[in-house]
Every structure is written in C-alpha cells, then in structure tokens.
Amino acid sequence: MANPTSSMPTTQLPGNSAQLVSPSALSALLGGTGSLPSGGTALTLRRTRLVRTDADGNTAEYIFDQPIVKLGAMDDNDVVLDDDQASRYHARIYQEGDDFLIEDLKSTNGTWVNRVRVRDAWLRSGAMIRVGNTQLRFSVQAERVDIAPSQHESLGGIVGRTEAIRRLMGVVDRIAPTGATVVLEGETGTGKEVVARTIHQLSKRAAGPFIVFDCGAVQQNLIESELFGHEKGSFTGALASRQGLFEMANGGTIFLDEIGELALDLQPKLLRALEQREVRRVGGNRPIKIDVRVIAATNRDLAEEVKADRFREDLFYRLGVVRLKLPALRERQDDIGLLGQHMLRTGSFNRVGDGQKVKGISYEAREALRAYQWPGNVRELLNVIERACSFCEGDLIGVDDLPDHISGAKVVRMRRSNTHPTEQVRQGGSSLGNTVPLLTDISFKSAKEQWLGAFEKEYLAKLLSRHSGNLSQAAREADVDRKHFRRLARKYGLIGGGVEEEDEE
Ligand SMILES: Nc1ncnc2c1ncn2[C@@H]1O[C@H](COP(=O)(O)OP(=O)(O)OP(=O)(O)O)[C@@H](O)[C@H]1O
Ligand SMILES: [Mg+2]
C-alpha cells in the first residue's frame with residue numbers, strides 16, 4: 001500500500017518508481033532537439049500528481065512516476081481507497097503518448113470526471129475525479145532534467161569515449177534505477193543487449209533475473225506459450241503446465257529482443273501484460289501478477305513500422321517510455337582503439353596464463369580499422385580482433401593481421417559512395433577481392449595504385465550502369481564532382497564523347 005503524505009511538501013511515494021519520460025522528447029535523444037548546447041541531453045520526466053480529499057475533508061498528495069496508477073479498495077492498488085463506495089479495482093490512470101487517460105474498471109458506483117460519469121476519458125491537468133466518495137484532483141508534473149554526458153569511459157558493459165556513447169551512458173545511468181520501460185534501437189551489433197544488461201545491473205532489480213527472449217528466433221505460434229506459459233493439455237504437446245518467461249522474470253527484467261518481429265496478433269497480448277501487470281497462461285483463466293521491467297530491442301525503426309501498420313501504435317507508446325538509439329560504430333570511430341584494447345584485455349582468446357598474448361594495436365592497423373565502415377558494428381570488430389590475434393606473432397596487431405577488406409578499407413573510403421554499407425553488401429558488394437589479385441611482389445605503392453585503379457573502374461562502371469549511363473545522376477550518387485567523375489570515367493574507357501553531350505544539363 002502506498003502511504004500518502006498528509007500534506008505538502010511533495011513526497012515521492014514508495015513502490016515502482018518508473019520515470020515517465022516523454023517519448024516525443026526522447027525520440028530526439030542523443031542528438032537533435034533533445035541535446036543541450038553543453039552536450040547534455042534533456043529528458044522530460046512526467047509524473048502523475050493526485051491530491052485526494054476524503055469525505056471528512058482530509059487531504060493527501062500522491063506523486064507517481066509509473067505509467068499506470070491503479071485506484072481501488074484492495075491493498076494492491078496504488079491509491080488505496082478506504083471508502084465503502086469504492087470497488088475493489090475501481091479505475092486506473094494511464095499514459096498514452098503524451099496524454100493521460102482514466103478508465104473505469106467496471107466499478108459499481110462509477111468513475112466521474114468533472115461531474116460527468118465516464119467509462120474512459122482524457123485527463124487534463126486540473127481535472128476533478130470522483131471515485132466512490134473520494135475526490136482526487138489530477139495534474140501532470142513535468143520536470144525537465146538535463147543529463148550531462150558521462151565523465152567515464154565505461155558503464156557496466158558499455159565502453160566508449162566519444163560524445164555519442166558518453167551521452168548514452170549518461171542517460172542509461174539516469175534511467176536505470178527507475179522502472180521505465182525502454183526501447184533500444186540500433187543496427188545489428190551496436191550493443192543493444194549490452195545496454196539492456198547494463199540497465200538491469202544498475203537497477204533496483206539487479207539481484208533479480210535477467211531473461212532474454214528473441215522474438216525473431218521462435219516460431220510465432222509458440223511465442224505466446226513461451227512468454228506467458230501454458231496449462232497442461234492446452235494444446236497438443238502441452239504435457240505439463242509450464243511457467244512462461246514473464247513469470248520467470250518476476251522481480252527482474254525481461255529483454256525482448258527483435259520486438260519488431262512480433263506478429264501483429266500477439267501484440268495486444270503483450271500490451272495487456274504490460275498494462276495490467278499480469279499474465280494468463282495459454283489455456284488458463286487465472287491472472288498471474290507479475291512485477292517485471294521490460295526492455296525491448298529492435299534493429300528496425302519502430303516508428304516506421306507503426307506507419308506501415310506492422311506494429312501497433314498503442315504498444316509502441318506503451319513500450320517506448322524511453323527510446324534510445326544506439327550509434328553505429330562508423331559514427332564513433334574514435335572509440336575503435338579503446339574498444340579494441342578492451343577486447344584484447346578481456347577476450348579469453350588473448351589470454352596466456354595471467355597476461356595477454358597480444359598487447360595492443362599498431363598505428364597503421366588502427367588507422368585501417370578506423371577507415372572501415374563496420375556494417376556488423378562492434379560484433380564485427382570483436383570478430384576481427386579475435387582473428388587478428390590468431391595471426392599476430394608480435395606484441396601488436398599489424399595491418400597484415402587484418403583481413404584484406406579492412407586493410408584495404410582506407411583506399412575504398414577515399415571514394416566510397418554514400419550508400420549504407422549493409423546496402424552495399426545487399427547489392428552484391430564488391431567483386432574486387434575476386435578479380436584483382438593482391439600483388440605482393442611489387443612495391444606497396446604500385447600494388448596500391450593497381451588496386452585503386454581497379455576499384456575506381458568497377459565503382460564507376462556499376463554506378464553508371466545503375467543510372468543507365470546518366471553521368472549527372474551517377475556523380476550525384478557518388479557525391480563526386482560531375483567533372484571529376486567524367487574525367488575518371490573517360491580515363492577507364494567507360495564513356496565516349498557522346499554520353500557527355502547527351503547528359504549535359
Ligand atoms: N559499447 C560496447 N562496449 C563493449 N562491448 C560492446 C559494446 N557494444 C557492443 N559490444 C560487444 O559487441 C557484441 C555485440 O553486442 P550486442 O550483442 O549487445 O549487440 P546487439 O545490438 O544486441 O546486436 P544484434 O542486433 O545483432 O542482436 C558483444 O560481444 C558485445 O559485448
Ligand atoms: Mg542482440
């Protein structure tokens with residue numbers, strides 16, 4: 001039971017203390033309008049404030065951080081109504097997007113907002129709510145909190161020193177102790193699971209379980225029973241009753257990976273579990289109370305999924321109390337050296353006795369690593385470092401210990417297109433590795449020139465063919481000056497004079 005303070009000043013009530021963070025303020029997190037000039041990040045924390053007046057005229061104030069506030073006569077409500085006109089579970093107040101609503105839970109005597117009986121209603125600050133004989137004045141407390149980038153180079157499992165990652169660490173540090181539901185967005189290998197684990201470790205639930213469920217890896221028809229459990233005999237093969245992952249995560253955190261893969265028909269069931277804080281097993285009627293923090297991850301843009309009707313808007317809002325976008329590794333090249341060192345220090349692949357086999361990364365190798373575009377992000381970096389360790393014979397990883405596509409990355413980068421690297425892979429990538437032998441019996445300079453020449457020719461040819469020989473379009477896509485593009489295309493015999501004339505704007 002929550003104990004109201006009998007009068008001011010403002011007191012935060014115990015219990016689940018999720019911070020309500022405005023999704024609109026957060027969608028711009030880590031860059032954009034959410035950023036402060038000082039490099040910090042602004043979050044708007046929104047709280048529900050209720051001032052209660054009972055039949056005898058006594059007042060009490062409640063302030064809640066959590067997304068749902070339950071009102072009723074039973075002890076497990078957030079506002080316990082000692083009122084014989086109130087139903088056991090009378091009503092609840094919840095947030096949808098930036099708005100607050102009240103819903104009557106089929107109470108006997110009804111829920112009233114500004115003297116109108118309602119089944120559900122939007123709440124404005126200042127609204128008077130009546131449940132039974134109890135009056136509650138509703139208002140929203142919005143508090144702008146400026147979060148400075150972390151001063152440290154690591155937080156839990158997160159390592160990095162660039163501004164992008166220190167801002168992320170600042171926000172993670174701030175929101176971890178709250179119960180806020182978090183959605184992590186980012187490309188594959190950017191560290192979504194690392195961040196989720198860090199949030200759990202820094203939360204009040206750290207001693208509880210951390211359960212991972214990958215919505216993309218389990219057959220859709222089994223997901224419901226995996227998440228919510230099932231009763232014996234509820235479907236063919238259900239030989240015994242089984243707890244679902246939500247029950248197993250009780251008191252801890254459930255990490256729903258690849259949430260964008262969750263089928264549309266399962267989404268309302270997840271929404272219900274989040275809103276009601278209870279689950280029902282497949283084939284069972286009994287609601288089971290759960291106390292679980294949800295962190296979800298996706299490498300899709302969930303807002304886009306909502307627009308395309310592949311993800312429910314209500315679930316999007318319920319999950320996305322805090323949305324964090326993880327930067328791609330190519331956006332934080334200055335972290336590559338630090339991450340590499342961290343991997344050499346902690347990787348079991350580099351351990352000999354009590355020490356490290358390989359001590360560091362040479363300057364040239366580091367430059368090559370920085371120049372590469374890392375479509376697989378930190379996971380790919382880890383694989384490359386591990387592989388390089390197995391080749392490395394000295395103390396430092398050299399450029400020769402790196403795979404060819406990375407040791408040559410510096411050259412590629414000089415002329416790369418703006419196309420996203422994963423897109424390049426999807427489009428078939430480069431065939432250079434197959435067509436240009438890497439000559440080591442000539443000087444480095446000559447070998448590099450030959451490789452560069454082959455790269456330029458192939459690159460220009462592909463782009464010209466994609467744009468049906470339209471030089472202006474091809475040059476624009478390559479982000480190269482049109483004249484320069486034409487000169488190169490001529491040099492490699494890809495165009496004659498005619499194309500140029502046709503294409504002149
Ligand atoms: N900031 C970081 N600091 C240290 N290690 C990291 C960081 N980010 C990622 N890693 C490491 O990179 C690897 C991939 O991270 P993780 O599994 O968290 O990525 P992910 O975003 O969940 O990827 P996917 O979308 O493919 O599931 C892990 O080995 C993790 O330890
Ligand atoms: Mg993952």
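Trp374 counts as buried, because 25 C-beta neighbours lie inside 10 Å and 20 or more are enough for that label. This is a predicted model, so please read what follows with that in mind. Trp374 sits in the loop between helix 10 (363-371) and helix 11, and it has a positive phi of about 50 degrees although it is not a glycine.

Asn114 is another non-glycine residue with a positive phi, here about 45 degrees. Its place is the loop between strand 8 (111-113) and strand 9 (116-118). Asn114 counts as partly exposed because it has 13 C-beta neighbours inside 10 Å. Here are the two side by side:

| Residue | Phi | C-beta neighbours inside 10 Å |
|---|---|---|
| Trp374 | about 50 degrees | 25 neighbours |
| Asn114 | about 45 degrees | 13 neighbours |

Now to the ligand. Which residues come nearest to ligand 1? Of the 17 residues around it, they are Thr188, Gly191, Lys192, Glu193 and Val378. At least two residues of this shell come from each of strand 14 (158-159), helix 3 (192-201) and helix 11 (377-391).

The largest nonpolar core has 72 residues, and Val172, Val182, Leu184, Phe246 and Ile254 have the most contacts inside it. Helix 2 (residues 163-175) gives this core its largest share, six residues. Leaving aside residues up to four places away in sequence, Ile254 touches Ile211, Phe213, Leu245, Phe246, Ala249, Val292 and Val294. Another core, of 18 residues, lies apart from the 72-residue one; among its members are Leu71, Ala91, Val113 and Ile129.

Definitions and conventions. Residues are numbered from 1 along each chain as its sequence is written. Chains are lettered from A and ligands numbered from 1 in the order in which they are written. This is a predicted model: local features need pLDDT of at least 70, side-chain atom pairs count only at pLDDT 80 or more; totals for chains, interfaces and linings use all residues. A residue is near a molecule or strand if its C-beta atom, placed from the backbone, lies within 6 Å of it. Helices (H or I, at least four residues) and strands (E, at least two) are DSSP runs, numbered from the N terminus. A nonpolar core is a set of buried Ala, Val, Leu, Ile, Met, Phe, Trp, Tyr and Cys residues joined through C-beta atoms within 7 Å. A residue is buried if 20 or more other C-beta atoms lie within 10 Å of its own, exposed if 12 or fewer, and partly exposed in between; C-beta atoms are placed from the backbone. Two residues are in contact if their C-beta atoms, placed from the backbone, lie within 7 Å.
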